[in-house]
Amino acid sequence: MSTRYPFTAVVGMDDLRLALLLNAVSPAVGGVLVRGEKGTAKSTAVRALADLLPEVAVVAGCRFSCAPDAPDPACPDGPHEDAAPASRPARMVELPVGASEDRLVGALDIERALAEGVKAFEPGLLADAHRGILYVDEVNLLHDHLVDLMLDAAAMGASYVEREGVSVRHASRFLLVGTMNPEEGELRPQLLDRFGLTVEVAASRDPEQRVEVVRRRLAYDDDPAAFAARWADAEAALRGRVTAARALLPRVALGDVALRQIAATCAAFEVDGMRADIVMARTATALAAWAGREEVAEEDVRQAALLALPHRRRRNPFDAPGLDETKLDETLDEFGGDDDPEPDPDPEPDGPGPDGGGGGVPPQGPGPGDAPDAAPEDTAPPEESGPRPDAPEPQGAPAAAPRGAGEQQPVRAAEPYRTRMLSVPGLGEGAAGRRSRARTEHGRTTGARRPRGGLTKLHLAATVQAAAPHQRARGRSGAGLVVRRDDLRQAVREGREGNLVLFVVDASGSMAARQRMGAVKGAVLSLLLDAYQRRDKVGLITFRGRDAELALPPTSSVDAAAARLESLPTGGRTPLAEGLLKAHETLRVERLRDPSRRPLLVVVTDGRATGAGDAYGLALRAARLHAAEGTAAVVVDCESGFVRLGLAGTLAAELGGTAVTLDELRADALAGLVKHVREDRTDTAPRRAA
């Protein structure tokens, strides 16, 4: 096994290291979600945590890691009476983004279950992670139903596998750690709430600290074993402190004053539900144990709020996570008490046990001026590494650009609203979502077929129907059904998929001159919010002046798209053809990258085109390229006034799509009307909402 990078050698990132250590002390805190830009050692820190956990006592030979002194009575490998004990290091199990449901929860052999009545169960990753760490890198890219299964197991401490009436249950308690880059998309608020703590990380802007990061990484890459040996004493001390804090945890008292502060803080920040209160209480208790105290102090409550509340205050994907620390301090002061224990005025962060001082910040390695490879091998590494990293910069915010001639200041978007349903016709096979009809792993059963590869969803009635005619020839004599592999039928299910919604937005001077840009931005922002809720990827193309620009390549991050849209300037001519051609090229590349994800082209324009020659004719020719590719399209007609030319409607006809006005885009414009892209692409007359 390769040598892991030591936890104590990680430079900076105090909040991340503290959150991980608190979960190591008290797994009941509920795990950690680590948010941050790429290349900030998120995965390195998480993987290093496993070496700090104490060894696990298990029943020898049990695939589900039952404890010898308290084995799970429902363990599939049980009963474990008089079983021999054994010990092993705590595991860190990684869940890949592309994992299947069977790989996560385990697989049942349906053929043996039907023919022999035997529960032949192959454990999944949830069983492997029991009493260890389950690590999910890029958790925001994981399918929603897998995230639900994982979080359900973490909450209940058990995993349930059910296939056509055959059920298996096993214990599954683990420390859940997920990492994500917000630029690649956000988690749903319901899933965010299930993570106990959330930490934002960013690369330090301090040159000295960055130098130290590079120095340590190069030393590790040159000789991992020697580098780890240099940090062995610090690792052992920290491991001992985790063990001591675990032992102290049951004796930590959470007084009434601290409880009132927790409840008042959650109420003051208008946090939904009661999970935040419970997580804050558990976190504050773990902080006190980590500091070596037997009673929760106000400082523990404050630190717990900073770790447990920011991600629970988001109401939609465009809200930035964060917490007003001034308001937090005022709330704690208002509901504090004189009998609250004071934390140590000058705690030692490197004490190995509860008697060695307190403090919320975990131990740290050498300072920026002390390279570990230059230190003597018999010298323990120093504990501090300089200042904390700077606060993270807003994700997805575009850099300011100088304004050209005729360019106008960006206008604010109107308030978003609920939009009509726009969908792609036909039946797709893309990633699970909530927009267009598709064959999916989850949904209503519409038929059966022979399995291609392994059987995942059995169609029981079709399987019995296929096996029934052969029972006499197979010598059936008892009550059981004689089933062969050729009889098995896979259930065909229909659900919804997510699409690639590519916005092509007119940002020319005509849009600004008619004071429409605020309404147009509000409409696009509303469609972006709809795309977020329906699990779509989104892209943004803008056209103005002489050219079109891919302002945001296709991504799952709708808040990045919203940031680009908010700063979008207007002015200049209307190169409509260039915008459509840029969209055609973008979709061509995306079809090669992800052929199963069907696109939906949304063109936001009044249909006007200006430029050299027959600009409008060129735009119509570009539209026919999309129609020839079979791209589903919607034109949002921004034309206003008493005299309307209907150019957007003609453009929609050439695209083989649908035209809808800004007013018709609202879900409440006409009750019950659902907008679909026209399937008959041979009809040249545009359809409009009646």
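Select Lys 327 and Phe 269: Lys 327 lies over the face of Phe 269, at 5.0 Å from the ring centre. A charge counts as sitting over a ring if NZ of Lys or CZ of Arg is within 6 Å of the ring centre and within 35 degrees of the ring normal. Next, select Arg 241 and Trp 290, where the charged end of Arg 241 sits over the ring of Trp 290, 3.9 Å from its centre.

This is a predicted model, in which local features need pLDDT of at least 70 and side-chain atom pairs count only at pLDDT 80 or more, while totals for chains, interfaces and linings use all residues. Residues are numbered from 1 along each chain as its sequence is written, and side-chain values use heavy atoms, with hydrogens and water left out.

**Aromatic pairs**

The structure holds four aromatic pairs; rings of Phe, Tyr and Trp (its six-membered ring) pair if their centres lie within 6.5 Å, and planes under 30 degrees apart count as stacked, over 60 as edge-to-face and the rest as tilted. Select Tyr 220 and Phe 227: their ring centres are 5.8 Å apart and their planes stand at 75°, so the pair is edge-to-face. Both Tyr 220 and Phe 227 are buried (buried means under 20% relative accessible area, exposed over 50%, partly exposed in between, with a 1.4 Å probe and protein chains only).

**Salt bridges**

The structure holds 31 salt bridges, each a side-chain nitrogen of Lys or Arg within 4 Å of a carboxyl oxygen of Asp or Glu. Select Asp 300 and Arg 293, which meet in a salt bridge of 2.8 Å, N to O; both residues are buried.

Which residue forms a salt bridge with Arg 593? The partner is Glu 590, with the closest N and O atoms 3.0 Å apart. Arg 593 is exposed, with a relative accessible area of 62%, whereas Glu 590 is buried, at 8%.

Finally, select Asp 606 and Arg 608, whose salt bridge has its closest N and O atoms 3.1 Å apart. Asp 606 is buried, with a relative accessible area of 0%.
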